[in-house]
Amino acid sequence: MEKEAVSLQDALEHGLTPEEFQKIQEILGRIPNSTELGIFSAMWSEHCSYKNSILKLKTLPTSSDKLLAQAGEENAGAMDIGDGLAVVFKIESHNHPTAVEPYQGAATGVGGIMRDIFTMGARPIVSLNSLRFGNPDEPRNKYLLSRAVKGIGDYGNSLGIAVSGGELFIDECFTKNPLVNAMTVGIVRHDQMASATTGGKVGNAVYIVGATTGRDGIHGASFASKDLSKESESKRSAVQVGDPFMEKLLMEASLEAIQKGLLVGIQDMGAAGISCATSEMSAKGKTGMKIDLDRVPFRETGMNAYEAMLSESQERMLVVPKKGKEAELVAIFEKWNLNAVQIGEITGDGMIEIRMGGQLKAKIPAESLVLGGGAPRYEREVRRPSYLDSVKNWTPAGIPDVAETETSPILLRLLSSWNVCSRKPITEQYDTEVGLVKLIGPGCDGGLSSIPDTNKALATATDCNSRYTYLDPYKGAEFAVCESARNVYVTGATPLGVTNNLNFANPYIPENYYMFSECVRGLGDACRALDLPVTGGNVSFYNESPEGPIFPTPTIGMVGILQDKTKLLSNVPEEAGLHLAILGNFRPSLGGSEYLKTIHGQVNGAIPELDIKEEAALCRLIISLNEKGVLKSAKDLSLGGLGIALAKTVLLSGLGIEADLTPLKTDRNDLTLFGESAASVLASFTEKDAEEVRKSAEEAGLHFYLLGKTNATGILNVAGFGVRVTLEEMSCPYESGLESVFAL
């Protein structure tokens, strides 16, 4: 693999362009050798450098008086939650590895995002996962989904981190290229936060800690920066292999070292391994590093410098201890049965100098390798896809309305659909009880978790309707932010900040880059309107196969804070005799709806109308009413519309509902029952509080639609629409939808 000097053809095979190869020669003042070329190819890959996205990402709002780490400065975002505590959170993808080897691909995605959190000094308390797969009726899709879920469960359960929520979205476009976006949330004291830097400490030692280094994961970063092809199926060497028990030891040892104040800096070895950790820490600390690869603990024989620098073996960290603290650092890691070996030292010349076998293998300016430094930045050509006009002009006039005699059967069919049915076959594979933090767990709109040793709670949610962003990228991205916010504030919590995982196709295709650009614009505008900073995240391009691109999927991860966890708000009513009402402005649309796809096989139409000012007003209203103690429950209206929201309320509560939708009636039964809407929450409250809820909604400029009451019958009865279904009739299709996918 190693060559003294390389050619343009070598550079092209490493995913670099002729212009980039020329720039590398200008930086070095010579032709690179093979190890240097490998380092540049990994660090300048889209996965590490964000070269095709960084200029767009810089348009996102990142300011807040609660931010403790600016977006992109550290491994994860950090925000103040009071009492000297910070919440640390991030979401990242492991899409291509999952497509090739779903168990390890998904498992190591979980492991990687966990390390991003505890390298900040934060102890992870909950995780979430946002999944996109093809139709599980196809054997390959079923295999990918079931193995990915098992990988997520096995890794997270072994590590002892509770799952607080997430989502699964099924569509044919994800058949060859599934999406696995993993999010982790942790808590740290302000005075115990760690940084990924050398701190400018010239002369300090550099240690590699944790697991040994092997050949797994080589080219992982560049593999994630190419389209999937038939050849990709054989690239299992680009998929890392994880060991959750090793990660548990690494987490405890790392947190102990941080809390004892032994470290100047610490960095996870994720994508691009030693190459990334050495260059990023050096660039941030404005220093260089001398590294001797002969000192690295290897688990395979005969590894050369190229392989050692690009290995993405899991459960490893690069750390810089404070002068005089080296022995204490080693003692901690030895106590946890982990390696802690000095492999180099900090230099003042800004160069990454790599030696092996007594020979110089690479010498590169650290700044030239990193995001914000010498790595290239591009804005690609955009072209608006021609299909956007035709889908927007679609109307439901061409499909028959639902007769009253058919509303109940269609409701049951929607309850069994892949995107609506119960997620229990998935969530039962995850440990949701570990750590005793669960207040509201998976299966509801948003998760709510107790913060240990406080009276506070964290709300968490991931959201994106990929059909909406396919039909309208700008508004679809706005919708994703607003829906994620709704799923946070229906728990009673105040939305705090956003992390995003932007999943798109090949950026060199103008139509794809248009979709990306518009989604980023929508994401930014929504976050500004809701006063939410973007704390960081991940971009995953090249999510397409020979069959075509995925739907654009800007997954939104959101965190909120509830200062008094005793004031949590239930997702569904818990007693009979409560009033039910829609708060907000109900404007249903069949465009992009689950009904239109499931019943009529179409992805078409204008997505629900969204008014960002109404969304902000509804957020303030729900939080205010909950603070006053007048709400008993709140549920977001999303997939399947009002009919599915009412049905899920019965399913999750065990109660019955007598509803009259006359205040909401449109010119079509299907539109009223199954049309989807923005800025709408189904809330419950007592009769004595009904007037206060109505008055508060109207003062906020929002509507109050009184729909009916809960009862003890276990029957959903919607007067005037022909809907009358029992809890038992709904349970079977709802609970069995995913059972066949995960049957032993």
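**Questions on a predicted model**

Analyst: His579 is found in strand E22, which covers residues 579-584.

User: Is His579 buried or exposed?
Analyst: Leaving out residues up to four places away in sequence, His579 touches Ala683, Ser684, Phe685, Thr686, Glu687, Leu706, Gly708 and Lys709. Buried means a relative accessible area under 20%. The relative accessible area of His579 is 10%, so His579 is buried.

User: Which residues does Asn571 contact, leaving aside its neighbours within four places in sequence?
Analyst: The place of Asn571 is in the loop between strand E21 (553-562) and E22. With a relative accessible area of 6%, Asn571 is buried. Leaving aside neighbours within four places in sequence, its contacts are Cys444, Asp445, Val490, Ser633, Ala634 and Lys635.

User: How many Å separate Asn571 and Gly522 in space, C-alpha to C-alpha?
Analyst: Along the sequence, Asn571 and Gly522 are 49 residues apart. In space, from C-alpha to C-alpha, the separation of Asn571 and Gly522 is 28 Å.

User: Into which domains is the protein divided, and how far apart do the C-alpha centres of domain 1 and domain 4 lie?
Analyst: The division gives domain 1 (1-60), domain 2 (63-193 + 436-567), domain 3 (195-357) and domain 4 (570-743). Between the C-alpha centres of domain 1 and domain 4 the distance is 52 Å.

User: What is the distance between the C-alpha atoms of Ser34 and Val6?
Analyst: Ser34 has its place in helix H3, residues 34-43, and is buried at a relative accessible area of 5%. Ser34 and Val6 are 28 residues apart in sequence. In space, their C-alpha to C-alpha distance is 6.0 Å.

User: Why does Thr535 count as buried?
Analyst: Thr535 sits in strand E18, residues 534-540. Apart from neighbours within four places in sequence, Thr535 is in contact with Leu67, Ala71, Gly72, Gly77, Met79, Phe89, Val498 and Thr499. A residue counts as buried under 20% relative accessible area, and Thr535 therefore counts as buried because its relative accessibility is 2%.

User: Which residues have the most contacts inside the largest nonpolar core?
Analyst: The largest nonpolar core has 52 residues, and a second, separate core of 47 residues includes Leu28, Ile218, Ala308 and Ala362. Leu502, which belongs to the largest core, touches residues including Leu57, Phe516, Val520, Leu523 and Val539, when residues up to four places away in sequence are not counted. Inside the largest core, the residues with the most contacts are Val481, Leu502, Phe516 and Met558.

User: Which helix supplies the largest share of the lining of the largest cavity?
Analyst: A search of the whole structure finds 2 cavities of 30 Å³ or more, and the largest has a volume of about 70 Å³. Its lining receives at least two residues from each of helix H7 (102-118), strand E4 (123-133), helix H8 (139-159) and strand E6 (179-189). The largest share, 4 residues, comes from H8.

User: Of the residues that line the largest cavity, which lie nearest its centre, and how many are charged?
Analyst: The largest cavity is lined by 15 residues, and those nearest its centre are Val110, Ser127, Asn129, Ile152 and Val163. The lining divides into 9 nonpolar and 6 polar residues, and the number of charged residues is none.

User: Is Asp453 buried or exposed, and what is its phi?
Analyst: Asp453 is found in the loop between strand E15 (447-450) and strand E16 (457-463). With a relative accessible area of 85%, Asp453 is exposed. Asp453 is a residue other than glycine with a positive phi, near 65°.

User: What is the phi of Tyr50?
Analyst: Tyr50 lies in the loop between helix H4 (46-49) and helix H5 (54-57). At 12% relative accessibility, Tyr50 counts as buried. Although Tyr50 is not a glycine, its phi is positive, at about 55°.

User: What separates the C-alpha atoms of Ile291 and Thr278?
Analyst: Ile291 is found in strand E9, residues 288-292, and is buried with a relative accessible area of 2%. Its contacts, neighbours within four places in sequence left aside, include Val206, Thr278 and Ile343. Ile291 and Thr278 are 13 residues apart along the chain, and their C-alpha atoms are separated by 8.7 Å.

Definitions and conventions. Residues are numbered from 1 along each chain as its sequence is written. This is a predicted model: local features need pLDDT of at least 70, side-chain atom pairs count only at pLDDT 80 or more; totals for chains, interfaces and linings use all residues. Side-chain values use heavy atoms; hydrogens and water are left out. Domain bounds come from an automatic or database domain assignment. Buried means under 20% relative accessible area, exposed over 50%, partly exposed in between (1.4 Å probe, protein chains only). Contact means heavy atoms within 4.5 Å. On a 1 Å grid over the protein atoms alone, a cavity is a set of points where a 1.4 Å probe fits but cannot get out, and a pocket is an open set with protein on both sides within 12 Å along at least five of seven lines; lining residues have an atom within 4 Å of a point. Grid points are joined across faces, edges and corners, and a volume is the space filled by probe spheres set on the points. Ala, Val, Leu, Ile, Met, Phe, Trp, Tyr, Cys and Pro count as nonpolar, Asp, Glu, Lys and Arg as charged, and the others, Gly among them, as polar. A nonpolar core is a set of buried Ala, Val, Leu, Ile, Met, Phe, Trp, Tyr and Cys residues joined through side-chain atoms within 4.5 Å.
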